[in-house]
Amino acid sequence: MNQAPRSIKFTKTTIALLSIFNLSNIGSLKAEEILRIGAIPDQNPEHLNRLYKILSSELSEQLNVQVRYKPVTNYAAAVTAFRTGNLDLVWFGALTGVQARLQSNGSKVIAQRDIDEKFHSIFIANKKSSIQKINNINDLKILKGKRFTFGSESSTSGRLMPQYFLTKAGVQLKDFKGASPGFSGSHDSTLMLVQSGSYEAGALSEEVWKRNIDRGRVDPSKVFVIWKTPDYHNYHWLAQGNLDKKFKKGFTKEITNVFLRFNKKSKKQKQILELFSANKFIISKNENYNKIEKVGRKIGKIK
């Protein structure tokens, strides 16, 4: 004999939870509807976590999708996460961006900061060293025999381009004291190591140098700039090639336009731009990084 179905009784707590989570919508939010963003860990974690928490909130509001920031341990991990599809949108330096794009069919450079169109690295030295300011690239030869550090091994402004200019001046990695340079892991670390005297000289992003000056972290009695490189294209947002399929038609263009509309009239967007050390984002494209790819292949960072 069939029994009549029992009625389900809900407690007040259950009803409240149903109201909060709106369980009628469960199942409608698929995993692919979460936009997973990331960035190379080129600066201290405190700065990055603050920046991407605010950015995730703003992108979520503007795009009407969930946005989740997924930090990575190092530059190579960011490239791997993009290649395997674990990240949809990543803030890369020029070198890591090229590495990731070449391993991900259809991926596309969509935007960069205004400062990335003409970016510079700087060479710094400890004041107790015998190193003097230089005006000509060929004078980088004075760094031979010195304790020298780059940033991350995969950093564009902290390794790739500084090494490129050193090579043009006839300085090889084996020419540094100990027959090899150091790799600090980040721009901030390079600054601190040279300022402390652990290394006599190093190379880092001009942007990070300026930010540390503004925050009072640079002691001019201990460290100074000896040379600034010619300009080159650097950081950019790289998007997976399948975002229009995962979300909706025109979604990649929509993301691009959100970045291009960022301005300082909005309190939150102003915070984001300031944390990015930018006045605005501008359109960019894959071809802007052809020179970086060429240099990367030349020094063996791109196969």
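The dialogue below takes up the overall content, the sheet, the helix packing and the backbone angles in turn.

Student: How many helices and strands does the secondary structure of the chain come to?

Tutor: Please keep in mind that this is a predicted model. The chain has 11 helices and 11 strands. Of its 303 residues, 49% are buried. Among contacts between residues at least 6 apart in sequence, 78% join residues at least 24 apart.

Student: In which order do the six strands form the open sheet?

Tutor: In general, the strands of a sheet pair through backbone hydrogen bonds, either parallel or antiparallel. Here the order is β2-β1-β3-β10-β4-β11, and the pairing is mixed. β2 (66–69) and β11 (281–283) are the edge strands, each pairing on one side only. On average, neighbouring strands of this sheet are turned by 25 degrees against each other, direction ignored.

Student: Which helix packs on the sheet, and which strands are touched?

Tutor: Helix α2 (residues 45–63) does so, touching β1, β2, β3 and β10 (236–239). The direction of α2 makes about 165 degrees with that of β2.

Student: In what sense do β1 and β3 pair, and in what sense do β3 and β10 run?

Tutor: Strand β1 (residues 34–39) pairs with strand β3 (residues 89–92) in the parallel sense, over three bridges. One example is alanine 39, whose bridge partner in β3 is tryptophan 91. β3 and β10, by contrast, run antiparallel and are joined by four bridges; phenylalanine 92 has histidine 236 of β10 as its bridge partner.

Student: Which way do the side chains of β3 point, and are they buried or exposed?

Tutor: Leu89 and Trp91 point one way from β3, while Val90 and Phe92 point the other way. All four are buried.

Student: How should I read the packing of α2 with α10?

Tutor: Two packed helices are described by the angle between their axes and the distance between the axes. The axes of α2 and helix α10 (residues 267–275) come within 10 Å and cross at roughly 140 degrees. The two helices are therefore oblique to each other, and their crossing is left-handed. On the α2 side the contact includes His47, Arg50, Leu51, Ile54 and Leu55.

Student: At what angle do α5 and α11 pack?

Tutor: Helix α5 (residues 156–168) and helix α11 (residues 290–298) pack at about 70 degrees, with their axes 10 Å apart. This makes α5 roughly perpendicular to α11. Thr156, Leu160, Met161 and Tyr164 of α5 make the contact with Lys291, Ile292, Val295 and Gly296 of α11. The residues of the contact of α5 with α11 comprise five nonpolar, two polar and one charged.

Student: What is the phi of alanine 179, and what is that of serine 277?

Tutor: Most residues other than glycine have a negative phi. Alanine 179, although not a glycine, has a positive phi of about 65 degrees. Its place is in the loop between α5 and β7 (182–183). Serine 277 likewise has a positive phi, near 55 degrees, and is found in the loop between α10 and β11.

Student: Why does serine 277 count as partly exposed?

Tutor: Serine 277 counts as partly exposed because its relative accessibility is 25%, and the partly exposed class lies between under 20% for buried and over 50% for exposed.

Notes: Residues numbered from 1 in each chain as written. Predicted model: local features only at pLDDT ≥ 70, side-chain atom pairs only at ≥ 80, totals over all residues. Heavy atoms only, no water. Pairing = 2+ DSSP bridges. Axes fitted to C-alpha atoms, helices over the stretch in contact; angles between N-to-C directions. Contact = heavy atoms within 4.5 Å. Parallel < 35°, antiparallel > 145°, perpendicular 65-115°, else oblique. Left-handed = near helix turned anticlockwise from the far one by under 90°. Buried < 20%, exposed > 50% of the residue type's maximum accessible area, 1.4 Å probe, protein only. Nonpolar A, V, L, I, M, F, W, Y, C, P; charged D, E, K, R; others polar.
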